[in-house]
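Please read them with the structure open.

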Amino acid sequence: MAAAGSAVGLGNIWRFPYSAGQNGGGAFVIVYLFFVAVIGFSVMLTEFAVGRRKSLAAVGAFKTVDRRWTFAGVLGVLSGFLIMGFYPVVGGWALAYIVKAPGLIANPATIGDTFGAFISNPVQPLIWMVAFLLLNVVIVARGVSAGIEAAGKVLMPLLFGILILIAVRGLMLPGAMAGMSFLFTPDFSKINGTVVLAALGQAFFSLSLGMGCMITYGSYLNKEENLIENAAIVTAMDTGVALLAGIAMFPAMFAFGMEPAAGPGLVFVVVPTIFAEMGGMGSFFGVLFFVALTVAALTSSVSLLEVCVAYLIDEKGMDRKMAVLSTSGVMAVLCVLASLSIGGVGPTLFDKGAFDIFDLLTDKVFLAIGGMLLCIFAGWRLNKDELKAEITNEGKIAFGMFELWYNLVKYVIPVTVALVAFSGIQSGFEGGSGPIMILGIVIIEYLD
Ligand code: PHE
């Protein structure tokens, strides 16, 4: 449940719909589903297996096997920092919308402008971001992640229920079917390097892979748990929520005549608009939706913060409070830069502001490369029999597809990730990102 809590978050409900919208709809969705099934599931199983075998969090798991591999774990920690350099900004938006939703739903004409004005305001979103980050700090400093996971157990099904409600409402609107066909009828001519890289990045981001999070959770699993089943359930739940979020957004958007490539504001504009259509109860469900979204974001962000904190505690000997305060302090600074960059304030690199840079670096570079490194590590550095023993619980459970999984991890995934990264650079997704990718590779070399 904790792993599912980490996986299901803003990635599914905020990011998946707008990435699909910006990358051609059905073409993106089909490539994404393919990557989730073949690469995502395999990498998750690998993370669980490595974590449980070594009984250590990300950095330690690499380090005990071979000190030269420490950099792969450290890269994951770096990814955690950078994701936490923008994730709390969006978490803050969700938090703010708990308060703002009723007013917007009562006044639907203002929804679009309000969102744009809110996120580009220099002060307001910062306050909400800090509030969101503080919730993380309190949870992780007290080591009470169990509490937030308990809240998640109630609120996740609730979120799922509200998404179904939104989807049903949206599908009943005239013209809604165009949204379904946008999402599920792939136009294969739209598949190019940019779309493929976006889909791969989305798969890693949404499943919380490539940065050691699932290695850490794997290390908590007891020896009786079935890793294959766990990986399959988490993958299926995460993907189910993403698709449902897509079904909740697109039919309504098409019915309202909105632009599918609307970008990061999509969920914050579409959801209140749908609830405004619902009349009396709309405001109540709107608030409930943003409460559930905030909790889903929290169960993800605490897992990110925990990876960074665990690193400082385990490897640098810091005490928990100090580790939480120093990491979240750095994250707060990154988040201020990210939030201000939306209003056009602050430094830019290749024409991109801090928000976009942190997002691109992690989602399109670090996570996929982290996943690739883990596969190389498992396939070429770890012992095959040891992996088999771990995944089959010392031979107690059957895994007919072991050879297939092993070959995917050892050969297919590393080569695929490299090719996708390369073709992404080639098609120069949104200009300037190629150099960012190269910068990522240079940093990795340096850490090595
Ligand atoms: N999977 C989370 C989400 O979809 C984000 C995340 C990425 C969490 C990487 C942990 C590690 O919102």
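Which helices each supply at least two residues of the lining of the second largest cavity?

1. They are helix H4 (58-65), helix H5 (70-83) and helix H17 (354-381), helices being DSSP runs of H or I with at least four residues, numbered from the N terminus. H5 provides the largest share of this lining, four residues. The second largest cavity has a volume of about 80 Å³, a volume being the space filled by probe spheres set on grid points that are joined across faces, edges and corners. Of its 13 lining residues, Phe62, Ala72, Gly210, Gly212 and Gly370 lie nearest the centre.

2. The model is predicted, so that local features need pLDDT of at least 70 and side-chain atom pairs count only at pLDDT 80 or more, whereas totals for chains, interfaces and linings use all residues. Residues are numbered from 1 along each chain as its sequence is written, and side-chain values use heavy atoms, with hydrogens and water left out.

3. The space taken by the ligand is the largest cavity, where a cavity is a set of points, on a 1 Å grid over the protein atoms alone, at which a 1.4 Å probe fits but cannot get out, and lining residues have an atom within 4 Å of a point. About 130 Å³ of space lies in this cavity, and its lining of 14 residues has Ser6, Tyr87, Phe205, Ser208 and Leu304 nearest the centre.

4. Around the ligand there are 15 residues, of which Ala7, Gly11, Tyr87, Phe205 and Ser208 come nearest; a residue counts as near if one of its heavy atoms lies within 4 Å. The elements giving two or more residues to this shell are helix H1 (2-7), helix H2 (10-22), helix H11 (193-206) and helix H15 (282-316).

5. A polar backbone atom of Ser6 is 3.3 Å from a ligand nitrogen, and a polar side-chain atom of Asn12 lies 3.4 Å from a ligand oxygen. Taken alone the ligand exposes 320 Å², of which the protein buries 100%, with accessible areas from the Shrake-Rupley method and a 1.4 Å probe.

6. The largest pocket, an open set with protein on both sides within 12 Å along at least five of seven lines, holds about 390 Å³ of space. Among its 18 lining residues, Met1, Ala2, Ala3, Tyr217 and Tyr220 lie nearest its centre, while helix H13 (227-256) gives the most to the lining, with four residues.

How values were computed
Polar contact = N/O pair within 3.5 Å; in protein donor to acceptor, adjacent residues only side chain to side chain. Sits in = over half its atoms within 2 Å of the grid points.
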